[in-house]
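Here is a walk through one protein model, helix by helix and then into the core. Keep the structure open as you read.

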Amino acid sequence: MELQGRTALVTGAGSGIGKATPLKLAAEGARVAVLSRTGREAKQTRDEIRSAGGEAISLTADTSDEGLMRDAITTLLGKFGGIDIVVANACTLGEFGQTWTLSEQQWTDQIDIGLNGTWKTVRAAVPHLIEQGEGGAVILISSTCGLAGELNVVHYDAAKHGVTGLMR
């Protein structure tokens, strides 16, 4: 149990990589706060961790809302006393479309969740990692779309390129 005594926050923890990540962290001994925009998905992931003998809480927040992210971090700190690992994974693929067919709202939603949400997660959590001292980790999840791009998901590509740049 390599992560025994460590606490992790994983955003976008309702499905895919975001769900697999807290399950693995918990299997390695970490206490995990699973965060999703939908409470149902976060609770399902939390319940799977608990069923396997791990310790987890579920948090519901939209990562694009900095106030909600600060509140989520406060809740995590109140429950676990600290934070050691942040995995910023939240993103949505949204609707497919070429640049000229996407609505402004589709573009804005993708950038707000996929890029701004990643930044706001880091911004809300990192001061607490710094306060604790050495040993913290911040992991930003991007995509091959953040390197090369894909046809028909230009808004997702742009968000993931931004995450890759933020990471570097």
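## Helix pairs and cores

Start with H4 and helix H5 (residues 154-167): their axes come within 9 Å and cross at roughly 20°. That angle is under 35 degrees, so H4 and H5 are roughly parallel. The crossing of H4 past H5 is right-handed. Bear in mind that this is a predicted model.

Which residues make this contact? On the H4 side they are Gln106, Trp107, Gln110, Ile111, Gly114, Leu115, Thr118 and Trp119. H5 answers with Val154, His155, Tyr156, Ala158, Ala159, Gly162, Val163 and Leu166. By class, 10 of the contact residues are nonpolar and six are polar. No charged residue takes part in the contact of H4 with H5.

Now turn to the pairing of H4 with H3. The axes of H3 and H4 lie 9 Å apart, and the helices pack at an angle of about 35°. H3 also passes H4 in a right-handed crossing. From H3 come Glu66, Met69, Arg70, Ile73 and Leu77. They meet Lys120, Thr121, Arg123, Ala124, Ala125 and His128 in H4. Here the classes are five nonpolar, two polar and four charged residues.

A further helix pair is H1 (residues 16-27) with H2 (residues 39-51). The axes of H1 and H2 come within 10 Å and cross at roughly 25°. H1 and H2 are therefore roughly parallel to each other. H1 passes H2 in a right-handed crossing. Lys19, Pro22, Leu23 and Ala26 are the H1 residues in this contact. Their partners in H2 are Thr45, Glu48 and Ile49. The contact of H1 with H2 divides into four nonpolar, one polar and two charged residues.

Next, the interior. In soluble globular proteins, nonpolar side chains tend to be buried together. In this model, the largest nonpolar core has 16 residues. Leu9, Leu35, Leu59 and Ile83 have the most contacts inside this core. Which elements give two or more residues to the core? They are strand S2 (31-36), strand S3 (56-60), helix H3 (66-80) and helix H4 (104-132). H3 gives the largest share, five residues. There is also a second, separate core of 14 residues, which includes Val10, Leu25, Ala56 and Val87.

Beyond its neighbours within four places in sequence, Leu9 is in contact with Ala33, Leu35, Leu59, Ile73, Leu76, Ile83, Ile85, Val86, Val87 and Thr121. Two of these partners, Ala33 and Thr121, deserve a look of their own.

Take Ala33 in strand S2. Is Ala33 buried or exposed? Its relative accessible area is 0%, so Ala33 is buried. Leaving out residues up to four places away in sequence, Ala33 touches Ala8, Leu9, Val10, Ile57, Leu59, Leu76 and Phe80. Ala33 and Ala13 are 20 residues apart in sequence, and their C-alpha atoms are 9.0 Å apart in space.

Thr121 sits in helix H4. Its relative accessibility is 0%, so Thr121 counts as buried. Setting aside residues up to four places away in sequence, Thr121 touches Leu9, Thr11, Thr63, Met69, Val86 and Ala88. Thr121 is also one of the H4 residues that meet H3.

Follow H4 on to Leu129. Leu129 counts as buried because its relative accessibility is 7%, and the cut-off is under 20%. Apart from residues up to four places away in sequence, Leu129 touches Ile83, Asp84, Val86, Gly136, Ala137 and Val138. Leu129 and Arg37 are 92 residues apart along the chain, and their C-alpha atoms are separated by 23 Å.

Finish with Gly29, in the loop between H1 and S2. Beyond neighbours within four places in sequence, Gly29 is in contact with Met1, Leu3, Gln4 and Gly5.

Technical notes: Residues are numbered from 1 along each chain as its sequence is written. This is a predicted model: local features need pLDDT of at least 70, side-chain atom pairs count only at pLDDT 80 or more; totals for chains, interfaces and linings use all residues. Side-chain values use heavy atoms; hydrogens and water are left out. Axes are lines fitted to C-alpha atoms, for helices over the stretch in contact, and angles run from 0 to 180 degrees between N-to-C directions. Helices (H or I, at least four residues) and strands (E, at least two) are DSSP runs, numbered from the N terminus. Angles under 35 degrees count as roughly parallel, over 145 as roughly antiparallel, 65 to 115 as roughly perpendicular and the rest as oblique. A crossing is left-handed if the near helix is turned anticlockwise from the far one by less than a right angle, and right-handed if clockwise. Contact means heavy atoms within 4.5 Å. Ala, Val, Leu, Ile, Met, Phe, Trp, Tyr, Cys and Pro count as nonpolar, Asp, Glu, Lys and Arg as charged, and the others, Gly among them, as polar. A nonpolar core is a set of buried Ala, Val, Leu, Ile, Met, Phe, Trp, Tyr and Cys residues joined through side-chain atoms within 4.5 Å. Buried means under 20% relative accessible area, exposed over 50%, partly exposed in between (1.4 Å probe, protein chains only).
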